[in-house]
Amino acid sequence: MAIIVCPKCAKKHKVNLDTVRENVPLGKNIAARCKSCGHKFPVQLDHLINQEKEQTQEVKKTIRKICVTLSKGGVGKTTTSVNLSAGLALAGHKVLLVDTDTQGQSSYILGKKPRAGLTELLTKELAPEECVVRARKNLWLLSGGKSLAGVKRIIDRKSFGAEWTLSEAMKDLDQRYDFIIIDTAPGWDQLIVNVLFYATEVLVPVALEVMPLQGLSEFMKSLGSIQKYRKEIVLKYIVPTFMDTRVKGPETIYTQLKKLYPEYICTPIRYSESLSEAPSYGKSIFEFAPGCTASSDYRELVRKVTLDASALL
Ligand SMILES: Nc1ncnc2c1ncn2[C@@H]1O[C@H](COP(=O)(O)OP(=O)(O)O)[C@@H](O)[C@H]1O
Ligand SMILES: [Mg+2]
């Protein structure tokens with residue numbers, strides 16, 4: 001689809017380029033007649049085709065699908081998913097947070113009790129718009145929870161194409177958002193494989209409290225095995241979490257991480273009591289303690305993710 005504007009009366013006309021392409025050779029001019037004022041004028045087909053290309057590129061540019069994952073639990077996956085989503089929403093982007101964990105923590109943190117969520121989307125029990133709840137301005141939630149355990153069994157029983165189940169379910173829904181942030185459960189199962197077949201960018205939170213490097217390199221191997229079948233999924237961000245500047249250990253691990261993965265490493269999220277307190281108030285860190293260190297750290301992460309021009313290509 002392209003748009004031709006009449007040079008005389010400025011009326012805009014939609015044209016179906018497929019029909020035009022069949023009848024006009026490239027490089028040729030088309031004689032167009034304005035249906036509104038009757039004015040006749042020449043239009044270059046190449047120009048219209050470029051216009052169409054730009055439009056499709058724009059649509060692709062605007063949807064970014066970032067999954068937050070690492071097989072280890074308690075590293076800050078859910079905290080990062082929720083606060084990154086909340087921060088992006090505050091910055092004016094339309095965000096859908098997808099919780100693929102049976103614990104269903106994301107809705108709790110955002111103070112929501114959705115009646116439906118990802119389970120109903122995957123089982124097609126409800127229409128996509130009925131599965132999503134609005135959590136804040138610009139922020140929507142596709143919640144997880146216990147019922148996802150049953151869905152995993154359904155996915156496991158599929159004889160082929162099981163890894164595309166989530167992608168198929170999301171395809172009518174994700175076009176409405178700028179960012180899709182996907183929180184994952186610890187461990188490695190069919191649902192995580194589905195997430196890695198759906199997302200295009202991976203964000204890995206790494207807790208600086210305990211020796212994290214082994215878990216990270218194991219995850220890299222698993223990711224590599226997925227990339228053989230799905231080239232679009234790439235590691236983009238390693239976010240150090242639980243950065244405690246009062247003790248030496250975290251700083252040392254951070255320095256090691258920076259050396260090993262300089263292209264992915266982000267500014268650390270500092271250890272902050274507020275981060276563990278905010279969920280029981282149903283608030284993001286920006287609502288609960290906007291002035292705290294963790295709030296400015298997550299704001300910095302939001303900035304990095306939004307300004308990442310290479311992701312837009
Ligand atoms: N930077 C941080 N400082 C202090 N507590 C944190 C921080 N990040 C996360 N937490 C707390 O640590 C616990 C585990 O974090 P969570 O995000 O649930 O990890 P995961 O989703 O990887 O299991 C939660 O209670 C959370 O509130
Ligand atoms: Mg979690």
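Colleague: Before we look at Glu168, what counts as a helix here?

Modeller: Helices are DSSP runs of H or I with at least four residues, numbered from the N terminus. This model is predicted, by the way. In this case, Glu168 sits in helix α8, which spans residues 165-170.

Colleague: Is Glu168 buried, exposed or partly exposed?

Modeller: You count C-beta neighbours: 20 or more within 10 Å is buried, 12 or fewer is exposed, and partly exposed is in between. Glu168 is partly exposed because it has 13 such neighbours inside 10 Å. Its C-alpha atom is 8.8 Å from that of Tyr198, which is 30 residues away along the chain.

Colleague: Okay, now the core. Which residues have the most contacts inside the largest nonpolar core?

Modeller: Those are Val95, Leu96, Ile181, Val195 and Ala199, in a core of 68 residues. Helix α9, residues 190-198, supplies its largest share, with 6 residues. Take Val195: leaving aside residues up to four places away in sequence, it touches Cys67, Thr69, Thr100, Leu166, Ile182 and Thr184.

Colleague: And the ligand? How many residues surround ligand 1?

Modeller: There are 17, and the closest are Gly76, Lys77, Thr78, Thr79 and Ser276. Two elements, α3 (77-90) and α12 (273-277), each give two or more residues to that shell. The most come from α3, with 3 residues. By type, the shell splits into 8 nonpolar, 8 polar and 1 charged.

Terms used
Residues numbered from 1 in each chain as written. Chains lettered and ligands numbered in written order. Predicted model: local features only at pLDDT ≥ 70, side-chain atom pairs only at ≥ 80, totals over all residues. Core = buried A, V, L, I, M, F, W, Y, C linked by C-beta atoms within 7 Å. Contact = placed C-beta atoms within 7 Å. Near = placed C-beta within 6 Å. Nonpolar A, V, L, I, M, F, W, Y, C, P; charged D, E, K, R; others polar.
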